[in-house]
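We go stop by stop.

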Amino acid sequence: MSLNILKISDPELEEISRKHTLSLTLEEMRKVQGYFRRKNREPTLTELECIAQTWSEHCKHKTMTGSVDYTENSENKSYSNLLKETVFAPIKDMETSHCLSIFKDNAGIIRFTPGWAIAIKAETHNHPSAIEPYGGASTGIGGVIRDILGAGLGAKPVLNIDVFCFGLQDTPHNQLPPQVLHPMRVFRGVVKGVRDYSNRMGIPTSSGAIVFDPGYTCNPLVYCGTVGIIPENCVEKKVRPGDTILLIGGKTGRDGLHGATFSSSGLDNETDSSCVQIGDPITEKKVADILLRLRDQGLYNAVTDCGAGGLSSAVGEMGADTGAVVNLEKVPLKQRKMEAWEIFLSESQERMVLSVPEEKMERISSLLESEDVEYASIGTFKGGSLKVFYNGEPRADLDMDFLHRGYPGISRRAVWEYRKPETLSVLKGDPQQALFEILADPNIGSREKVIRQYDHEVQGTAVIRPLEGMSQDIPQDGCVIRPILEEKAGIAVGLGINPFYGRQDPRRMAASVTEEAVRNAVSCGGDIRRGALMDNFCWGDTSDQKELGGLVRACQGCGEASRILQIPFISGKDSLNNFYTSSGGKKINIPGTLLVTCVAPVKDVNLSCRSSFVSSGNFIYLAGDTFREMGHSALARAGFCSGGEVPGLREETSPITLEFIRKSISLGVLESCHDLSEGGLAIAAAEMCFSGTGADIDISLLSIKDGADEHNSWIKLFSESNSRFLVEVTPENAPRVESLSGASLTRLGVTDDSGCLLIRNGRDTIIRENSGKLKEIHRGALKW
Amino acid sequence: MIRSIVEVYRKGACPESRELSSEVKELGIQKEHRISFSRIYIIEFDENTLPVPAEERLNRISREILIDPVVEEYYPGLRDTEGISIEVYLKKGVLDIPGRRAVEAAGYASLDRGLKKISGGERYIITAEGGADEETCSYITRKLLFNKVIQEAKYSGSGVEIK
């Protein structure tokens, strides 16, 4: 089927884009029109669909890699490639010899042990999860697992990461816009979707976070990540001309059509679509198992997953240098009578594409048959262009250069106006009551009800689980796994997310969450000098200059943190246009949200460190400096204070504190270590007491770096300044720890066998509570 | 073509049922409602190729494929129960993983001769003190029990679709 576009006007071009859900702008449609005018023929629908998905925001990241004219408080700055000139910018001046794949291929890859590397990737599956939480989330995790399977010549998935953002759990049903599912329904469906897929795939889900905010009611966010391990000699892949295009795994159907373009646009109250895919973990498990066997026998030259855009994307990308000829009638189908473009664009799950030398086809076929994995040879990598046939009839013939480099790019305006926050004001109240209320905040409380549903023991690699302690109910900063059981080396993963700070300043938010991810990885034993970062931006309508201005600020913050901490971003993914259009035409944007993941090797898992007090009679130190940084803090959300700055990242002290923690853990001189984040010192101390070991902490020994006032105790207890840790040290190790530290280190108290958390200011008791009661409040925060 | 239905239900307390019953309260419905959940399978046989009587094959498939015998039981047909019964099925064209897996498993157990198709579904029975009314049940169904993007729901017996 051909479409007549050569002689039509601009409004008609726009109408074609809209009618076929292409999500192409007028400028892009003009570029397509020009291309086919030069070819002197009309395009087929398959060609237009293929171009639309290749150029989609989801696949091309047009905004993040596009040019931006940015104005901040009347000062102008131009970026020709926003991502390169912000997030990536510090890499050129950084030691990155441990990084094997930076922002190329399906995942970021860093060195692990000799001969092995770590691959990491996280994706979002927001729009599908908003309309069908179970299916959307399960295919989200299924998709990112395939990303790892398709990294290099294929990595083995060893850990799943799940991070969700939902509307408030107690949102009244009658306040929901039409067609919007209640946050509790989305929450339960999403958790079950990730649970069922991950558990059935036999991959531990050991790292995660959940955020609740009314801003996510119409647009929940579902981040799914996977960590894999891969032999170092399998990191590179290259399609060879003449290789067979081998499709393995699930059959192709109409499910998930237009996923890439759907992901690149907003939701509205009419959204009701075929965009929902249904996951089938058993098929993917079979694919994963056989793929690694085929890899180890050297039976293919390259592999990638069929994700957004389906075969069009997978074959189009793999054949970018060689060209490809595809015969769609050879694709195994779920439904009869599918159109050519539907087969080519379908986003049916559990499919991988391999580039197989002809002479290895027989061996590979017999292995696939022995494992009951469906496969089909659907064409050949050759010819320089992308040629698609269906029953012998040509359906597409696109130059690879035009497809991959022909899109016009976009140029946008962004504006940011910094407003000085109101002066910090702390209400009169009882700090102990504030502690109770913060512990009961669903954003802070225990995730046990969710974590218990995930299998984090499968594969037998867990070293630091999401919940530790005698009763396995004490939350940890990060997680550590030991994916090669014969080795003592492990992998630490830490996460950072805090959309609340972004309400004041996305730049500080980005720097803070980047450092939080690093804190969480280092505090459990990660060697962050050999670590790497991954960014996942979820933003609102970036055609709005102010929204884009916030995104630019966040990118600047990532770059700034990467430079200060000397840790590179090696992978990332953005999901833009997370907004909902109400029936009255009003756009509701999500809060600008950034998830940063830090992955770092652990030299010896026996030295990894947990987050709760171990025994009585040990010293408690605070490492790092405390500032009057209470803006948008947990205390503010609980209504005990207002105004004030959100935390900043300090170039002169943060790296020193992080290095102190890394070194101390690697020497085995810390009994426990907990980073200070939401809720500050009070929450960290309470969580450390969940083990039943008590603590006596005197905050009069602590100084506030940027001046004291009448709010002193509140700031010391609840400030959320970055780069701080509570550490537990035996008296024997104390001199060594103190000699190690170039960082600010304050001895605040001792652990004891009282079973109570006591926080005092000199002789004045501020908080005294049994740790069992504190844990009970914490465990009851989340409704399930 | 022989078309049979099998209901698979928990032997003891069902966590899904407990969860759903508590979710009804969150909807703001004052009267206490209880929801009981079970899975249903529609099994289609070709009588011309089926080597044994359909009932015998249905029982074997149910016993060996569809239930976890430790915690579940099955009933050929739909159990007679008090309350309003609602059936939820995937819309045509939506991938039916439970049905597909059941057919595959029947193949591994050599029970696939004469077996045409297995489709998965869900059954919810809503009860309330003094009886549940259809209007409330319809509201509960729309809010909690099905997602109209991929599923369709109907009252058992009358077959009236819930929109």
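## Start in a loop of chain A

Select Glu652(A). Glu652(A) sits in the loop of chain A that runs between β30 (641–642) and α22 (654–666). Note that this is a predicted model. Is Glu652(A) buried or exposed? Its relative accessible area is 54%, and the cut-off for exposed is over 50%, so Glu652(A) counts as exposed.

## Two positive phi angles

Go to Ser23(A). This residue lies in the loop of chain A between α1 (10–19) and α2 (26–39). Check its backbone: phi is positive, about 55 degrees, though Ser23(A) is not a glycine. Most residues other than glycine have a negative phi. Ser23(A) is partly exposed, at 34% relative accessibility.

Next, select His632(A). Look for it in the loop between β29 (619–623) and α21 (634–637) of chain A. What is the phi of His632(A)? It is positive, at about 50 degrees, and His632(A) is not a glycine either. The relative accessible area of His632(A) is 30%, which makes it partly exposed.

## Zoom out to chain A

Show chain A as a cartoon. Chain A holds 26 helices and 36 strands. Its C-alpha trace spans about 85 × 60 × 50 Å along the principal axes. The radius of gyration is 26 Å; a compact globule of 784 residues would have one near 28 Å, so the two agree.

Color chain A by accessibility. Of its 784 residues, 67% are buried. Take contacts in chain A between residues at least 6 apart in sequence: 82% of them join residues at least 24 apart.

## Switch to chain B

How many helices and strands does chain B have? There are four helices and seven strands. Trace them along the sequence and you read β-α-β-α-β-β-α-β-α-β-β. Chain B has a radius of gyration of 17 Å, close to the 15 Å that the globule rule gives for 163 residues, so chain B is as compact as a globular protein of that length.

Along the principal axes, the C-alpha atoms of chain B fill a box of roughly 55 × 35 × 25 Å. Buried residues account for 48% of the 163 in chain B. Among contacts in chain B with a separation of 6 or more, 77% come from residues 24 or more positions apart.

## Finish at the interface

Bring both chains back. Select the residues in contact: chain A gives 23 and chain B gives 22. Together the chains bury about 1,900 Å², with 46% of that on carbon and sulfur atoms. On the chain A side, highlight His173(A), Arg185(A) and Ile278(A). These three lose the most area to chain B, together 32% of what that side buries.

Now the charges. Five salt bridges cross the interface of chain A and chain B. One to display is Asp280(A) with Arg101(B), where the closest N and O atoms are 2.4 Å apart.

Last, select α9 (183–201) and α11 (281–296) of chain A. These are the elements that give two or more residues to the side touching chain B. The largest share, four residues, comes from α9(A). Color that side of chain A by class: eight residues are nonpolar, six polar and nine charged.

Note on methods
Residues are numbered from 1 along each chain as its sequence is written. Chains are lettered from A and ligands numbered from 1 in the order in which they are written. This is a predicted model: local features need pLDDT of at least 70, side-chain atom pairs count only at pLDDT 80 or more; totals for chains, interfaces and linings use all residues. Side-chain values use heavy atoms; hydrogens and water are left out. Contact means heavy atoms within 4.5 Å. Buried area is the accessible area (1.4 Å probe) that two parts lose on being put together, summed over both. A salt bridge is a side-chain nitrogen of Lys or Arg within 4 Å of a carboxyl oxygen of Asp or Glu. Ala, Val, Leu, Ile, Met, Phe, Trp, Tyr, Cys and Pro count as nonpolar, Asp, Glu, Lys and Arg as charged, and the others, Gly among them, as polar. The radius of gyration is taken over C-alpha atoms; the globule rule is 2.2 Å times the number of residues to the power 0.38. Buried means under 20% relative accessible area, exposed over 50%, partly exposed in between (1.4 Å probe, protein chains only).
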